[in-house]
Amino acid sequence: MTRRGMKPTTLAPPAVDIHSVQMARKLGLLVTLATFAALFFFCGPRWSFEVHETMRWLGGALIFVCISGRTWCSLYIGGRKTHELVTTGPYSVSRNPLYFFSIVGAVGVGAQFGAVTVAILAGVCAWLVHIIVVRQEERLLLAAHGEPYARYLAEVPRFWPRFSQWKSVDVLEVLPRTVARTFIDALFFLAAIPVAAVFDLLHHLGLVRVFLLLP
């Protein structure tokens, strides 16, 4: 259940605040996306047109799952992460469902390239960025919440949901501005769809040379 008004137990003085960690996460994702933009620009898929298009449609579906999932999670956690231990809804089955959906979205972005290898690589890179951030966040949240968070660490998976542990809540306090901000931020993943289409057109017109075909 969601714990309100909990008196923080300081186990270790955090070296940085959680907002700095979040900025590092966003910077890491931007660098990753820039790298994949270069792949889109200079490489092409080895698959047939039909497989290519199927991959892009599946990727688009994953991007929409990412946007919906992140918005849903923000209903529970929005604005409360640093001062309240939330363990209901998606946070009862995964400690980091927002990040889980971001990884799903990264796979969808990679799939816009039309190659399985790029989709998998995008997911792995996003996972690496988030695992580094999550380890830092866990240290900060352990210092803020103490023993209750330690039990939460032991009981709930870091990323992949364990649906058998689902816990609901009768009343949910929602911060509309935070939810809207999360939704708008998640729309950034959609940019991969028109960007990939533009690169495909440039390749088709011969304006950009393809140096490597990827499976």
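Visitor: How many aromatic pairs does the structure hold?
Guide: The structure holds 5 aromatic pairs, and the model is a predicted one.

Visitor: Why is the pair of W72 and W166 called stacked?
Guide: The ring planes of W72 and W166 stand at 15 degrees, with the centres 6.0 Å apart. Centres within 6.5 Å make a pair, and planes under 30 degrees apart count as stacked. The pair is therefore stacked.

Visitor: What makes this pair a tie between parts of the chain?
Guide: W72 belongs to helix α2 (residues 49–77), while W166 sits in the loop between α5 (147–155) and α6 (176–186). The pair therefore ties together parts that are 94 residues apart in sequence.

Visitor: Why does W72 count as partly exposed, and why does W166?
Guide: The relative accessibility is 33% for W72 and 39% for W166. Buried needs under 20% and exposed over 50%, with partly exposed in between. So W72 counts as partly exposed, and so does W166.

Visitor: Why is the pair of Y149 and Y152 called tilted?
Guide: The planes of Y149 and Y152 are at 50 degrees and the ring centres 6.0 Å apart. Stacked needs under 30 degrees and edge-to-face over 60, so the rest are tilted. Both residues lie in helix α5, 3 residues apart, which is about one turn of the helix.

Visitor: How do you know whether Y149 is buried or exposed?
Guide: Y149 has 5% relative accessibility, and the limit for buried is under 20%. Y149 therefore counts as buried. Y152, at 7%, counts as buried too.

Visitor: Which residues do ring pairs link into a cluster?
Guide: The cluster consists of W72, Y76 and W166.

How values were computed
Residues are numbered from 1 along each chain as its sequence is written. This is a predicted model: local features need pLDDT of at least 70, side-chain atom pairs count only at pLDDT 80 or more; totals for chains, interfaces and linings use all residues. Side-chain values use heavy atoms; hydrogens and water are left out. Helices (H or I, at least four residues) and strands (E, at least two) are DSSP runs, numbered from the N terminus. Buried means under 20% relative accessible area, exposed over 50%, partly exposed in between (1.4 Å probe, protein chains only).
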